[in-house]
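Dear colleague,

I am handing over the model that we discussed, and I would be glad if you could look through it alongside the notes in this message.

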Amino acid sequence: MTFEFQKLDLNALPSDVSVPSYVRGSLKPRIAHIGFGAFARAHVAMHLHETLAAGGGDWGMRVIELFGTSDLFDKLEENDYLYTLVETADEGTNTRLLGAVCETQHLARDGVEALIDGLAEEQLKVISLTVTEKGYCVKNGKLDLDNEMIQQDLSSPSAPKTAIGLIVAGLAKRRALGHGPITVMSCDNLPHNGVLCGIAVREFAAKLDAELAAWIEENVSFPSTMVDRIVPALTDESRELIRESLGGQVDLNGIVCEPFRQWVIEDNFKAGRPQWELAGAQLVADVEPFEEMKLRTLNGSHSFLAYLGFLAGKETIADCAADPVFYAEARKLMVDEQLPTLDVPGDMDLVAYADSLLKRYSNSKLKHRTWQIAADGTQKMPQRWLNSVKFHLANGGDYHHLVLGIGGWMNYIRADRNGKSYEVVDPLKEKLAAIVANDGADETTYVDTLLALDSVFPSELVANDEFKKAVHNAYRAVAEKGAAQAVADLAD
């Protein structure tokens, strides 16, 4: 299949494709969003589009990229900043052109000074970002001063290459111009994202200028958010779906996702915000209960299915959900081992929430690859699984499914599925590969060496003999019996 750029012809769209109903010419870049990947297009910008459709206004979005080429941004501009969102499920599809974006900036195309000036504009009220956990350059709850890119940005603060360096440079110029307060809002899928973003920005600023750090403390808020929408990486199949939905037209900025979405936002904004409530967002005083609910149930079960499902030959989450055994054990993981660890608002039906997740997983139209979800396991496991394990060890609960997930991960990073190799994507990729090469031949040494990764496994867990024994047994079960049988044995 080939997909070459063509300018969208709005007059040739099928009748069921909706286009923006609001006046786009009045939009101003009041939000600057850093990292305009698939999730930002399908979730953050989509909510702003729906807010404008419901209530009007001039809250437009400037989108910013720091890496790669500006090719997709150039094409977005040629299409008057419109792009396609296809929501797909077994029941059908819904196709829309979204129009909340009104400007683009790319570091390689526009230069760093233009990006810094943009963040300092008085009309800008919110800086949002989706840069993945790695983009915050935080380690053990602090700015990672050993990060090479952070070191480069601190040595050349006027020419930043990281999101954190760029934000601080923009805030410094904003302060110098007297352009007032602003909000920096993380929309990445990590716990306490606003807190971590604030730590990174304030600590970076403090390394440069104590007065700037004090100004940020007073004039910049960092609300946390919980985001939820399954947005698989684009494939030729999903690009073809976009083309079919547009009546044969190609949109290289288009994206495919599930119909479901949820956005919970801490209502802590220094300079105003859009009425995201009009688009279904929940504005609350405390996001943490919602974060933990999603991380442990959705993300925790996703990782369980990703490692064990991939090793069992299942290419997508829908393939896992179509297997009655994997479906049942993923539900037990959520209901029996994750839900007891949660403290959420009393009106939440957590079992119904878990069942709704399984229904979403069963969407065969979404090709959400297990391999994709399996990436970055060393960063994901602590909040998705290990905190729950600590809870059960302290309270005498069962954690057989959680520990089998750990055993699955330890087998997965060996990069061998029935004799065929695959890429393991992880920030500790080289270290993990060295452990596999040096210690992989001896089961006991291999598992113990992995457990000694103190950036992943807390010392109190590693010191617990019951936990260590359970991990060794789980690793052995997957290695000797295979992932499918190991999951089936959970039912016994």
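This is a predicted model: local features need pLDDT of at least 70, side-chain atom pairs count only at pLDDT 80 or more; totals for chains, interfaces and linings use all residues.

Residues are numbered from 1 along each chain as its sequence is written, and side-chain values use heavy atoms, with hydrogens and water left out.

UniProt, in an unreviewed entry, places the feature "domain: Mannitol dehydrogenase N-terminal" at residues 30–277; such annotations may be inferred rather than shown by experiment. Over residues 30–277 the chain is 40% helix and 24% strand, where helices (H or I, at least four residues) and strands (E, at least two) are DSSP runs numbered from the N terminus.

An open sheet of three strands has the order S11-S13-S14 with mixed pairing, two strands being paired if DSSP finds at least two bridges between them. Its edge strands are S11 (225–228) and S14 (282–284), each of which pairs on one side only. S11 and S13 (residues 262–266) run antiparallel and are joined by four bridges, and Met 226 has Val 264 in S13 as its bridge partner. Helix H10 (residues 288–311) packs on the sheet and touches S11, S13 and S14, its direction making about 35° with that of S11; contact means heavy atoms within 4.5 Å, and the axes are lines fitted to C-alpha atoms, for helices over the stretch in contact, with angles from 0 to 180 degrees between N-to-C directions.

Asn 253, in the loop between helix H9 (236–245) and strand S12 (255–257), counts as buried because its relative accessibility is 3% (buried is under 20%, exposed over 50% and partly exposed in between, with a 1.4 Å probe and protein chains only). The side chain of Asn 253 reaches the backbone oxygen of Leu 72 at 3.0 Å.

The structure holds 32 salt bridges, each a side-chain nitrogen of Lys or Arg within 4 Å of a carboxyl oxygen of Asp or Glu. One of them joins the side chains of Arg 261 and Glu 50 (2.6 Å, N to O), linking distant parts of the chain, 211 residues apart, with Arg 261 in the loop between S12 and S13 and Glu 50 in helix H1 (residues 38–55). Arg 261 counts as partly exposed at 24% relative accessibility, whereas Glu 50 counts as buried at 18%. Glu 50, Glu 87, Arg 96, Arg 229 and Arg 261 are linked in a network of salt bridges.

Conventions:
A polar contact is a pair of N or O atoms within 3.5 Å; within protein, one must be able to donate a hydrogen and the other to accept it, and residues adjacent in sequence count only if both atoms are side-chain atoms.
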